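Hello,

Here is the structure we talked about, ready for you to open in your viewer. Have a look around it first, then read on for what turned up.

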Amino acid sequence: MEGIPVVDFALFMEDPGEARKRLESLETISNACKEFGLFQLVNHGLDSHILSKALQNAHSFFELPLEYKCKFTTADNSVGFVHQSGAKGGPLDRKEHFMIAAEDKSTLWPDLVPSFRPDAVELSKQMQNLGHNLMTILSQSLGAPGDTLHKCYDKNADYYNFLHYPACSDYQGQVLAPHQDGTIFTVVSQLNRVPGYQVLKDGTWHLVVPEENSLIINLGDILQVWTNGLYKAAVHRVVANKAQRFSFVYSYLPEGKTRIAPIPEFESGHPKYKSFMQEDYLKLRFENKRLENNCSKNITIDYYAID
Ligand SMILES: O=C(O)CCC(=O)C(=O)O
Ligand SMILES: [Fe+2]
């Protein structure tokens, strides 16, 4: 099996003594983004305890009674606790999750786990910072100036999500259906290192083994559109495990009113996507995921494709 590309983030954060290695790494990123839409990041620079705290808090929250957790469910499922979800026309996903809008003044925090809120806010700040640096590196990996992707929008409207996949003793299929994220890119931490995350490449699913201290960076639809299809949004899913699995997902998104369209220097007069407003696409995706909505088609970025 072909390995999932690994990128050493420290190379980019240190003084420029390692120029040759950096160039090699930019090449690795570029190839990974074209082939998998994904790479793994090591030496990511996050505070070493922050992810173990996230795991403890997620564990404490998800083991609370369903009745309590459901107090944090909102009408449109865009934030808060979601007990059941699934792709259109398919079986339900076997997971529950708690979604939070970064920098939101939400009061929707589980009071029975007092450390949940301060630890989550701190983690989201560190993730924001990591994402900012990744945007520069991704711009450079495209052979463009470091501020190229930053210049596509003014402000972030990020979301982050704690997920729990209960142990599956007699089921071996997928517990989260294949999909692409509607983000710029998404950072995934397989918090308790139980395997499950897989990425599709050339018709084959590849397991992303949760190595210690590594993160998954998976590209989303917006980066695919900005690069006019040069970089692709990773098609990924989660498969069952006999052990329960916890993960943390941080989604980088521009503000809702941002217009998304191929960046002129990457489309050379042949845009493959129509321009759209970020919040319109997000809304379509959320509406489409709601179980009571019986529309049979799964909305993807192809909705805006120019054929
Ligand atoms: O739980 C995971 O590892 C991945 C979750 C995911 O792909 C998502 O929430 O979009
Ligand atoms: Fe995803």
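**What surrounds the ligand**

By class, the shell around ligand 1 is made of six nonpolar, four polar and one charged residues. Please keep in mind as you read that this is a predicted model.

Which residues make up that shell? Ligand 1 is surrounded by Asn-161, Leu-163, Leu-176, Asp-181, Val-188, Gln-190, Tyr-197, His-236, Val-238, Ser-247 and Val-249. Strands S5 (159–165), S11 (236–239) and S12 (245–252) each supply at least two residues of the shell.

There is also a record to compare with this part of the chain. An unreviewed UniProt entry carries the annotation "domain: Fe2OG dioxygenase" for residues 156–254. Over residues 156–254 the chain is 44% strand and 6% helix, and the end C-alpha atoms lie 4 Å apart.

Start with H2, which runs over residues 19–35. Its 17 residues reach 24 Å from the first C-alpha to the last, close to the 24 Å expected at 1.5 Å a residue. Which residues of H2 are buried? They are Ser-25, Ile-29, Ala-32 and Cys-33. These residues sit on the same side of H2, because they cover an arc of only 95° around the axis. On the face of H2 turned away from the buried side you will find the exposed residues Arg-20, Leu-23, Glu-24 and Glu-27.

What covers the buried residues of H2? The cover includes strand S1 (6–8), helix H1 (10–13), strand S2 (38–42), H5 and strand S10 (215–219). Just after H2, Gly-37 takes a positive phi of about 70°.

Next comes H3, residues 50–62. In H3 the buried residues are Leu-51, Ala-54, Asn-57, Ala-58, Phe-61 and Phe-62. Seen down the axis, they fall within an arc of 120°, so they line one face of the helix. The cover over them includes strand S4 (96–101), H5, S5, strand S7 (185–189) and S12.

H5 spans residues 116–141, and its 26 residues reach 36 Å from first C-alpha to last, close to the 38 Å expected at 1.5 Å a residue. Just after H5, Gly-143 has a positive phi of about 75°.

Leu-11 is in helix H1. Is Leu-11 buried or partly exposed? Leu-11 has 18 other C-beta atoms within 10 Å, while a buried residue needs 20 or more, so Leu-11 counts as partly exposed. Setting aside residues up to four places away in sequence, Leu-11 touches Glu-18, Lys-21, Arg-22 and Ser-25. The C-alpha atoms of Leu-11 and Ser-25 are separated by 8.4 Å, with the two residues 14 apart along the chain.

Val-79 is in the loop between helix H4 (66–69) and strand S3 (80–82). Val-79 is partly exposed, with 18 other C-beta atoms within 10 Å. Beyond its neighbours within four places in sequence, Val-79 is in contact with Thr-74, Met-99, Ile-100, Ala-101, Ser-106 and Leu-108.

Technical notes:
Residues numbered from 1 in each chain as written. Chains lettered and ligands numbered in written order. Predicted model: local features only at pLDDT ≥ 70, side-chain atom pairs only at ≥ 80, totals over all residues. Expected span 1.5 Å × (residues − 1). Buried ≥ 20, exposed ≤ 12 C-beta atoms within 10 Å, placed from the backbone. Arc of directions from axis to C-beta. Contact = placed C-beta atoms within 7 Å. Near = placed C-beta within 6 Å. Nonpolar A, V, L, I, M, F, W, Y, C, P; charged D, E, K, R; others polar. UniProt positions renumbered as here; feature names shortened; annotations may be inferred.
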